[in-house]
Amino acid sequence: MAVRRGAGGASLVALRFDVAGAIADEWADALLASGAMAVDVADAQGGTPFETALDVASERWETVRLTALFDQATDVDAALAHAGAAIGRRPGARSLQTVPDDDWVRRTRDQFGPIHASERLWIVPSWCDPVGSSALNLIIDPGLAFGTGSHATTRLCLRWLDANLQQGASVLDYGCGSGILSIAAARLGAGLVVGVDIDERALVASRANARRNAVKARFMRPRSLRFSAFDIVVANILADPLERLAPRLASRVRAGGSVVLSGILESQAGALAAAYSRCFDIGVWGSEDEWVALAGSRVEHDR
């Protein structure tokens, strides 16, 4: 179960619907960003003769039942519509049920521990003790916004930053979500760090996480961005918006600078690399499960 914040009422509203296991994380993050207090992920066939074991390779079920908990004052239909629009998907049949508030957040915290995201970086929930003195701890709670380290696409970006970021480099985190990539860049020694997002709630979460981690980073909407070109532009979004953003992101990378793109399925990598090849020497940098990260350097002149 992904946790966003505590519940305060005498009862909650549970929204349930089934999705393919491959997109369960997308839906969970989107629901949390749209106001859900918590999201439970379980086998849709659990408790039936068709119940299946968790796939060890992908660590997910083929079909997942999502249960999102909302305060009774929340417009659940509006929240669901917002979540679906954020990821470009529509839910199937769903149900609503009133359930007692049984301190869901407290009960589910025990399910989350530190995540070893890269050689030096650990993602540590605020209720856990920091990992060893030599580790770089990123204090991020699960489910606060998109990109909290639980998904392969975020971990791929963190690994690239850990392996490649030079001290003092300027970094633009395009689609910052929780701010985790901006915070990681600052902890790794970046100079100017800027995160942009179109969702005001993501900006609020990013600023709060930056304060919690005692790092300096600026967060704003894309239209407010006044800085010119950066040494590194990292964007963990999805393939379709990344393709549309190719000219804009390219204009933000200085000659010889780097672009890092994630949120890309293996089947989408070729087309996306082609979209960026006019301005970058780019290719697949790493992969996890069916996800890949592209990385490349900005050429002096567009091809």
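Two strands count as paired here if DSSP finds at least two bridges between them. Helices (H or I, at least four residues) and strands (E, at least two) are DSSP runs, numbered from the N terminus. With that in hand, Val 259 stands opposite Gly 296 in strand 15.

Before going on, a word on the model. This is a predicted model, where local features need pLDDT of at least 70 and side-chain atom pairs count only at pLDDT 80 or more, while totals for chains, interfaces and linings use all residues. Residues are numbered from 1 along each chain as its sequence is written, and side-chain values use heavy atoms, with hydrogens and water left out.

Now back to strand 15. Strand 14 and strand 15 form a hairpin with 2 residues between them, and Asp 289 in the turn has a positive phi of about 55°.

The bridge partner of Leu 172 in strand 12 is Val 233, and Asn 236 has Ser 262 as its bridge partner in strand 13.

Here are the strand pairings side by side.

| Strands | Sense | Bridges |
|---|---|---|
| strand 9 (residues 171–174) and strand 12 | parallel | 3 bridges |
| strand 12 and strand 13 | parallel | 6 bridges |
| strand 13 (residues 253–265) and strand 15 | antiparallel | 6 bridges |
| strand 14 (residues 280–288) and strand 15 | antiparallel | 8 bridges |

What about the helices? The axes of helix 1 (residues 24–33) and helix 2 (residues 76–87) come within 8 Å and cross at roughly 130°. Those axes are lines fitted to C-alpha atoms, for helices over the stretch in contact, and angles run from 0 to 180 degrees between N-to-C directions. That makes helix 1 oblique to helix 2, since angles under 35 degrees count as roughly parallel, over 145 as roughly antiparallel, 65 to 115 as roughly perpendicular and the rest as oblique. On the helix 1 side, the contact (heavy atoms within 4.5 Å) is made by Glu 26, Trp 27, Ala 30 and Leu 31. Helix 2 brings Leu 80, Ala 83, Gly 84 and Ile 87 to that contact.
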